[in-house]
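My notes are below, in the order I looked things up.

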Amino acid sequence: MSTITDAQAYLVDLPVEAVRTDAVQAFLKQETVFVEITTADGLSGRGYCYTIGTGGTAILALLRDYLLPRLHGRDARQIEAIWHDLFGSTRATAVGAITSLALAAVDTALWDWRCRRADLPLWIAAGGARDRVPLYDTEVGWLHLTVDELIGGAKAAVAAGRGGVKIKIGKPDPAQDVERLTAVREAVGPGVDLMVDANQSLTAADAIRIARLLEPVDVYWLEEPLPADDVDGHARLAASTSIPVAVGESLYSVGQFAEYIQRRAAGIVQADAARIGGITPWLKAAHLAEAHNIPICPHFLMELHVSLCAAVPNGRYLEYIPQLTAITTTRLTVEDGHALVPTAPGLGIAWDLDAIDDRRVA
Ligand code: MG
(Lines give C-alpha, C1' and ligand atoms only; values in the text may rest on other atoms or scores of the structure.)
Protein backbone atom coordinates (compact mmCIF):
# COMPACT_ATOMS: atom_id res chain seq x y z
CA MET A 1 0.00 0.00 0.00
CA SER A 2 3.04 2.21 0.09
CA THR A 3 3.31 2.07 -3.69
CA ILE A 4 3.60 5.51 -5.25
CA THR A 5 0.63 6.08 -7.54
CA ASP A 6 1.01 9.77 -8.34
CA ALA A 7 3.73 12.41 -8.31
CA GLN A 8 3.25 16.05 -9.27
CA ALA A 9 5.49 19.11 -9.34
CA TYR A 10 4.72 22.82 -9.64
CA LEU A 11 6.39 26.17 -9.19
CA VAL A 12 5.31 28.95 -6.86
CA ASP A 13 6.85 32.43 -6.77
CA LEU A 14 7.17 34.25 -3.46
CA PRO A 15 8.23 37.87 -3.08
CA VAL A 16 11.11 38.39 -0.68
CA GLU A 17 9.97 39.37 2.82
CA ALA A 18 12.84 41.86 3.23
CA VAL A 19 15.38 43.52 0.94
CA ARG A 20 18.39 41.21 1.08
CA THR A 21 21.77 42.09 -0.42
CA ASP A 22 25.28 40.75 -0.04
CA ALA A 23 28.66 41.03 -1.70
CA VAL A 24 27.66 39.32 -4.92
CA GLN A 25 23.87 39.20 -5.32
CA ALA A 26 20.40 40.21 -4.20
CA PHE A 27 17.64 37.80 -3.20
CA LEU A 28 15.16 38.57 -6.03
CA LYS A 29 12.27 36.25 -5.23
CA GLN A 30 11.90 32.78 -3.81
CA GLU A 31 11.12 30.34 -6.56
CA THR A 32 9.59 27.44 -4.65
CA VAL A 33 9.28 24.08 -6.39
CA PHE A 34 6.82 21.72 -4.74
CA VAL A 35 6.55 17.97 -5.20
CA GLU A 36 3.54 16.00 -4.04
CA ILE A 37 3.52 12.23 -3.95
CA THR A 38 0.55 9.97 -3.27
CA THR A 39 0.60 6.30 -2.38
CA ALA A 40 -1.93 3.55 -2.95
CA ASP A 41 -3.18 3.78 0.64
CA GLY A 42 -4.24 7.38 0.02
CA LEU A 43 -1.46 8.96 2.06
CA SER A 44 0.50 11.86 0.59
CA GLY A 45 3.66 13.81 1.18
CA ARG A 46 4.60 17.32 0.14
CA GLY A 47 8.18 18.47 -0.25
CA TYR A 48 9.90 21.50 -1.70
CA CYS A 49 13.08 23.19 -2.75
CA TYR A 50 13.85 26.77 -3.71
CA THR A 51 16.01 29.19 -5.60
CA ILE A 52 16.63 32.85 -4.82
CA GLY A 53 15.42 33.95 -8.24
CA THR A 54 16.71 31.91 -11.17
CA GLY A 55 16.51 28.31 -12.33
CA GLY A 56 13.11 27.36 -10.96
CA THR A 57 11.68 26.30 -14.32
CA ALA A 58 14.78 24.20 -15.03
CA ILE A 59 14.23 22.28 -11.78
CA LEU A 60 10.59 21.82 -12.68
CA ALA A 61 11.45 20.48 -16.14
CA LEU A 62 13.99 18.01 -14.72
CA LEU A 63 11.36 16.76 -12.29
CA ARG A 64 8.53 16.48 -14.80
CA ASP A 65 10.50 15.14 -17.74
CA TYR A 66 12.89 12.73 -16.01
CA LEU A 67 12.55 12.19 -12.26
CA LEU A 68 8.87 11.98 -11.37
CA PRO A 69 8.03 9.34 -14.02
CA ARG A 70 10.55 7.06 -12.27
CA LEU A 71 8.59 7.24 -9.01
CA HIS A 72 5.47 5.48 -10.20
CA GLY A 73 5.20 2.00 -8.72
CA ARG A 74 8.06 2.50 -6.28
CA ASP A 75 7.77 1.68 -2.58
CA ALA A 76 7.78 5.07 -0.83
CA ARG A 77 9.32 3.50 2.27
CA GLN A 78 12.56 2.88 0.37
CA ILE A 79 13.80 6.44 0.40
CA GLU A 80 17.48 5.53 0.02
CA ALA A 81 16.75 3.28 -2.95
CA ILE A 82 14.66 5.94 -4.63
CA TRP A 83 17.19 8.70 -3.96
CA HIS A 84 20.04 6.69 -5.46
CA ASP A 85 18.00 5.55 -8.42
CA LEU A 86 17.05 9.14 -9.25
CA PHE A 87 20.61 10.34 -8.73
CA GLY A 88 21.93 7.53 -10.91
CA SER A 89 19.47 8.45 -13.64
CA THR A 90 20.90 11.97 -13.83
CA ARG A 91 24.60 11.15 -14.19
CA ALA A 92 25.08 13.68 -16.94
CA THR A 93 23.79 16.53 -14.76
CA ALA A 94 25.11 15.46 -11.36
CA VAL A 95 26.60 16.57 -9.08
CA GLY A 96 24.96 19.87 -9.89
CA ALA A 97 22.79 22.51 -8.34
CA ILE A 98 19.67 21.96 -10.45
CA THR A 99 19.78 18.20 -9.98
CA SER A 100 20.37 18.39 -6.22
CA LEU A 101 17.50 20.87 -5.84
CA ALA A 102 15.18 18.60 -7.84
CA LEU A 103 16.21 15.58 -5.75
CA ALA A 104 15.52 17.61 -2.61
CA ALA A 105 11.95 18.33 -3.63
CA VAL A 106 11.34 14.60 -4.07
CA ASP A 107 13.25 13.56 -0.96
CA THR A 108 11.51 16.04 1.34
CA ALA A 109 8.15 14.86 -0.03
CA LEU A 110 9.10 11.26 0.80
CA TRP A 111 10.20 12.26 4.31
CA ASP A 112 6.93 14.16 4.79
CA TRP A 113 5.07 11.01 3.72
CA ARG A 114 7.22 8.80 5.98
CA CYS A 115 6.65 11.03 9.00
CA ARG A 116 2.91 11.33 8.41
CA ARG A 117 2.61 7.58 7.97
CA ALA A 118 4.48 6.99 11.23
CA ASP A 119 2.55 9.82 12.93
CA LEU A 120 5.83 11.45 13.93
CA PRO A 121 7.21 14.97 13.64
CA LEU A 122 10.37 15.20 11.53
CA TRP A 123 12.64 16.11 14.44
CA ILE A 124 11.78 12.80 16.12
CA ALA A 125 11.81 10.67 12.96
CA ALA A 126 15.23 12.04 11.97
CA GLY A 127 16.91 11.60 15.34
CA GLY A 128 15.23 13.50 18.14
CA ALA A 129 18.25 15.14 19.79
CA ARG A 130 16.37 18.05 21.48
CA ASP A 131 13.20 20.06 21.20
CA ARG A 132 14.56 23.60 20.73
CA VAL A 133 17.38 25.26 18.83
CA PRO A 134 19.17 28.61 19.40
CA LEU A 135 18.54 31.26 16.77
CA TYR A 136 20.83 33.79 15.16
CA ASP A 137 19.48 36.62 13.04
CA THR A 138 20.52 37.30 9.45
CA GLU A 139 17.81 39.83 8.61
CA VAL A 140 19.59 42.63 10.50
CA GLY A 141 22.94 42.47 8.70
CA TRP A 142 22.45 42.94 4.95
CA LEU A 143 25.13 44.79 3.04
CA HIS A 144 23.00 47.79 2.01
CA LEU A 145 22.11 48.68 5.62
CA THR A 146 23.76 51.70 7.22
CA VAL A 147 25.83 51.38 10.36
CA ASP A 148 22.97 52.88 12.38
CA GLU A 149 20.57 50.36 10.87
CA LEU A 150 22.96 47.52 11.65
CA ILE A 151 23.25 48.64 15.25
CA GLY A 152 19.49 49.12 15.64
CA GLY A 153 18.76 45.73 14.15
CA ALA A 154 21.42 43.95 16.15
CA LYS A 155 20.18 45.46 19.41
CA ALA A 156 16.61 44.47 18.57
CA ALA A 157 17.71 40.92 17.77
CA VAL A 158 19.57 40.66 21.05
CA ALA A 159 16.59 42.10 22.93
CA ALA A 160 14.48 39.36 21.30
CA GLY A 161 16.83 36.78 22.76
CA ARG A 162 18.81 35.85 19.66
CA GLY A 163 22.25 34.53 20.48
CA GLY A 164 23.92 36.02 17.44
CA VAL A 165 23.60 38.22 14.37
CA LYS A 166 25.12 37.89 10.92
CA ILE A 167 26.73 40.87 9.20
CA LYS A 168 27.48 40.79 5.48
CA ILE A 169 30.84 42.10 4.27
CA GLY A 170 31.89 43.22 0.81
CA LYS A 171 32.17 47.00 0.89
CA PRO A 172 34.62 48.46 -1.66
CA ASP A 173 37.16 49.08 1.11
CA PRO A 174 37.58 46.27 3.67
CA ALA A 175 38.23 48.96 6.29
CA GLN A 176 34.53 49.87 5.98
CA ASP A 177 33.58 46.29 6.74
CA VAL A 178 35.81 46.26 9.80
CA GLU A 179 34.31 49.59 10.94
CA ARG A 180 30.78 48.22 10.59
CA LEU A 181 31.64 45.09 12.56
CA THR A 182 33.46 47.07 15.22
CA ALA A 183 30.48 49.40 15.62
CA VAL A 184 28.10 46.48 16.06
CA ARG A 185 30.40 44.77 18.54
CA GLU A 186 30.64 47.95 20.61
CA ALA A 187 26.87 48.33 20.54
CA VAL A 188 25.94 44.78 21.57
CA GLY A 189 28.85 44.04 23.89
CA PRO A 190 30.91 40.88 24.28
CA GLY A 191 28.22 38.29 24.94
CA VAL A 192 26.69 38.17 21.46
CA ASP A 193 27.94 35.97 18.62
CA LEU A 194 28.80 37.95 15.47
CA MET A 195 28.75 35.94 12.27
CA VAL A 196 30.40 37.44 9.17
CA ASP A 197 29.47 36.44 5.61
CA ALA A 198 31.50 37.31 2.51
CA ASN A 199 29.39 35.26 0.06
CA GLN A 200 32.42 33.85 -1.80
CA SER A 201 33.66 37.30 -2.77
CA LEU A 202 37.30 37.16 -1.63
CA THR A 203 40.59 35.65 -2.69
CA ALA A 204 42.47 33.53 -0.17
CA ALA A 205 45.11 36.24 0.23
CA ASP A 206 42.47 38.92 0.88
CA ALA A 207 40.53 36.70 3.23
CA ILE A 208 43.62 35.94 5.31
CA ARG A 209 44.28 39.67 5.66
CA ILE A 210 40.66 40.56 6.45
CA ALA A 211 40.34 37.73 8.97
CA ARG A 212 43.31 39.18 10.83
CA LEU A 213 41.62 42.59 10.91
CA LEU A 214 38.41 40.98 12.20
CA GLU A 215 39.97 38.90 14.96
CA PRO A 216 39.86 41.74 17.54
CA VAL A 217 36.08 41.98 16.95
CA ASP A 218 35.72 38.37 18.15
CA VAL A 219 33.93 37.00 15.10
CA TYR A 220 32.04 33.74 15.69
CA TRP A 221 32.54 32.50 12.12
CA LEU A 222 33.67 33.74 8.72
CA GLU A 223 31.18 32.37 6.20
CA GLU A 224 31.87 31.59 2.55
CA PRO A 225 35.00 33.72 2.37
CA LEU A 226 36.06 32.26 -1.00
CA PRO A 227 34.49 30.65 -4.06
CA ALA A 228 33.13 27.30 -2.93
CA ASP A 229 35.38 25.31 -5.26
CA ASP A 230 38.54 26.81 -3.75
CA VAL A 231 38.93 24.17 -1.05
CA ASP A 232 42.67 24.71 -0.84
CA GLY A 233 42.15 28.42 -0.24
CA HIS A 234 39.71 27.68 2.56
CA ALA A 235 42.24 25.27 4.09
CA ARG A 236 44.98 27.90 4.00
CA LEU A 237 42.65 30.49 5.52
CA ALA A 238 41.48 28.11 8.25
CA ALA A 239 45.09 27.36 9.17
CA SER A 240 45.91 31.07 9.38
CA THR A 241 43.12 32.43 11.58
CA SER A 242 41.44 31.78 14.92
CA ILE A 243 38.05 32.57 13.33
CA PRO A 244 36.16 29.39 12.37
CA VAL A 245 35.52 29.10 8.64
CA ALA A 246 31.91 28.25 7.78
CA VAL A 247 30.84 26.76 4.45
CA GLY A 248 28.02 24.72 3.03
CA GLU A 249 25.29 26.75 1.37
CA SER A 250 27.01 26.35 -2.02
CA LEU A 251 27.86 22.66 -1.68
CA TYR A 252 25.66 20.18 -3.46
CA SER A 253 26.72 16.73 -2.25
CA VAL A 254 27.85 14.88 0.85
CA GLY A 255 31.18 14.24 -0.84
CA GLN A 256 31.88 17.96 -1.11
CA PHE A 257 31.42 18.26 2.66
CA ALA A 258 33.71 15.27 3.15
CA GLU A 259 36.45 16.98 1.17
CA TYR A 260 36.20 20.21 3.19
CA ILE A 261 36.30 18.27 6.44
CA GLN A 262 39.15 15.99 5.39
CA ARG A 263 41.23 18.99 4.34
CA ARG A 264 40.44 20.88 7.56
CA ALA A 265 38.99 23.67 5.45
CA ALA A 266 35.81 24.18 7.51
CA GLY A 267 35.17 24.55 11.24
CA ILE A 268 31.40 24.86 10.87
CA VAL A 269 29.22 23.28 8.17
CA GLN A 270 26.08 24.92 6.85
CA ALA A 271 24.41 22.22 4.76
CA ASP A 272 21.18 23.34 3.13
CA ALA A 273 18.65 20.52 2.80
CA ALA A 274 17.45 21.86 -0.55
CA ARG A 275 20.84 22.35 -2.12
CA ILE A 276 22.42 19.11 -0.91
CA GLY A 277 19.59 17.01 -2.33
CA GLY A 278 17.18 16.62 0.56
CA ILE A 279 16.92 15.41 4.12
CA THR A 280 18.58 12.07 3.34
CA PRO A 281 21.95 13.59 2.33
CA TRP A 282 21.58 16.45 4.85
CA LEU A 283 21.57 13.98 7.71
CA LYS A 284 24.67 12.30 6.29
CA ALA A 285 26.50 15.63 6.16
CA ALA A 286 25.39 16.36 9.73
CA HIS A 287 26.55 12.98 11.00
CA LEU A 288 29.82 13.28 9.08
CA ALA A 289 30.41 16.61 10.79
CA GLU A 290 29.50 15.13 14.17
CA ALA A 291 32.06 12.37 13.68
CA HIS A 292 34.67 15.13 13.24
CA ASN A 293 33.41 17.16 16.21
CA ILE A 294 32.12 19.92 13.94
CA PRO A 295 28.79 21.72 14.50
CA ILE A 296 26.16 22.14 11.81
CA CYS A 297 24.35 25.46 11.39
CA PRO A 298 22.17 25.04 8.30
CA HIS A 299 21.71 27.70 5.66
CA PHE A 300 18.27 29.39 5.30
CA LEU A 301 14.99 27.34 5.25
CA MET A 302 14.43 27.82 8.97
CA GLU A 303 10.93 26.35 8.70
CA LEU A 304 12.42 23.00 7.66
CA HIS A 305 15.85 23.19 9.29
CA VAL A 306 14.45 23.76 12.77
CA SER A 307 13.43 20.11 12.80
CA LEU A 308 16.72 18.89 11.31
CA CYS A 309 18.83 20.99 13.69
CA ALA A 310 16.83 19.50 16.55
CA ALA A 311 17.24 15.99 15.17
CA VAL A 312 21.04 15.87 15.41
CA PRO A 313 23.27 16.39 18.45
CA ASN A 314 25.62 18.81 16.66
CA GLY A 315 22.98 21.26 15.44
CA ARG A 316 24.20 24.45 17.03
CA TYR A 317 22.36 27.42 15.50
CA LEU A 318 19.30 27.99 13.30
CA GLU A 319 19.40 30.91 10.86
CA TYR A 320 16.47 33.28 11.33
CA ILE A 321 15.14 34.36 7.89
CA PRO A 322 11.36 34.07 7.62
CA GLN A 323 10.35 33.56 3.98
CA LEU A 324 7.24 31.34 3.92
CA THR A 325 4.80 33.70 5.64
CA ALA A 326 2.67 34.16 2.51
CA ILE A 327 2.00 30.44 2.07
CA THR A 328 1.83 29.08 5.62
CA THR A 329 -0.80 29.37 8.33
CA THR A 330 1.51 29.26 11.34
CA ARG A 331 4.82 30.92 12.22
CA LEU A 332 7.99 29.46 13.69
CA THR A 333 7.46 29.28 17.44
CA VAL A 334 10.17 31.23 19.25
CA GLU A 335 10.74 31.23 22.99
CA ASP A 336 13.65 32.94 24.74
CA GLY A 337 15.57 33.23 21.48
CA HIS A 338 15.12 29.55 20.70
CA ALA A 339 13.02 28.02 17.95
CA LEU A 340 10.75 25.29 19.23
CA VAL A 341 10.29 22.16 17.16
CA PRO A 342 7.01 21.72 15.27
CA THR A 343 5.11 18.81 16.77
CA ALA A 344 2.69 17.96 13.95
CA PRO A 345 3.43 14.78 11.97
CA GLY A 346 5.40 15.44 8.80
CA LEU A 347 7.83 18.21 7.95
CA GLY A 348 6.05 20.46 10.43
CA ILE A 349 5.23 23.23 7.97
CA ALA A 350 1.57 24.30 7.95
CA TRP A 351 1.09 25.04 4.27
CA ASP A 352 -1.74 27.35 3.19
CA LEU A 353 -2.84 25.40 0.13
CA ASP A 354 -5.11 28.15 -1.22
CA ALA A 355 -2.29 30.69 -0.98
CA ILE A 356 0.05 28.27 -2.72
CA ASP A 357 -2.48 27.75 -5.52
CA ASP A 358 -2.84 31.50 -5.95
CA ARG A 359 0.90 31.89 -6.50
CA ARG A 360 1.48 29.02 -8.93
CA VAL A 361 3.34 30.21 -12.01
CA ALA A 362 4.09 26.88 -13.67
MG1 MG B 1 25.72 32.89 3.46
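Started with a residue in a loop. Phe300 sits in the loop between α10 and α11; helices here are DSSP runs (H or I, at least four residues), strands likewise (E, at least two), numbered from the N terminus. I noted that Phe300 has a positive phi of about 60 degrees although it is not a glycine. Phe300 counts as buried because its relative accessibility is 4%, where buried means under 20% relative accessible area, exposed over 50% and partly exposed in between (1.4 Å probe, protein chains only).

Ground rules, before I forget. This is a predicted model, so I note that local features need pLDDT of at least 70 and side-chain atom pairs count only at pLDDT 80 or more, while totals for chains, interfaces and linings use all residues. Residues are numbered from 1 along each chain as its sequence is written, and side-chain values use heavy atoms, with hydrogens and water left out.

Then I checked Asn293, in the loop between α10 (279-291) and α11. Asn293 also has a positive phi of about 60 degrees without being a glycine. Is Asn293 buried or exposed? Asn293 is exposed, with a relative accessible area of 71%.

Glu223 counts as buried at 1% relative accessibility, and Glu249 does at 6%.

On to the domains. The assignment (automatic or from a database) gives domain 1 (4-120 + 353-358) and domain 2 (124-340). Their C-alpha centres lie 24 Å apart. The contact (heavy atoms within 4.5 Å) takes 37 residues from domain 1 and 39 residues from domain 2.

Pockets came next. On a 1 Å grid over the protein atoms alone, a pocket is an open set of points with protein on both sides within 12 Å along at least five of seven lines, and lining residues have an atom within 4 Å of a point. Grid points are joined across faces, edges and corners, and a volume is the space filled by probe spheres set on the points. I noted about 280 Å³ for the second largest pocket. Of its 24 lining residues, Asp22, Gln25, Ile52, Glu249 and His299 are the closest to its centre. Why do I place the second largest pocket between the domains? Domain 1 and domain 2 both give residues to its lining, so it lies between them. The largest pocket has about 390 Å³ of space.

Ser307 lies in helix α11 (residues 302-311) and is buried, with a relative accessible area of 1%. Ser307 touches Leu122, Trp123, Pro342 and Leu347, not counting residues up to four places away in sequence. In helix α8 (residues 231-240), I listed Val231, Gly233, His234, Ala235 and Leu237 as buried. Their cover includes α7 (204-214), β7, β8 and α9.

Definitions and conventions
1 Å grid on protein atoms, 1.4 Å probe; cavity = no way out; pocket = protein on both sides within 12 Å on 5 of 7 lines; lining within 4 Å.
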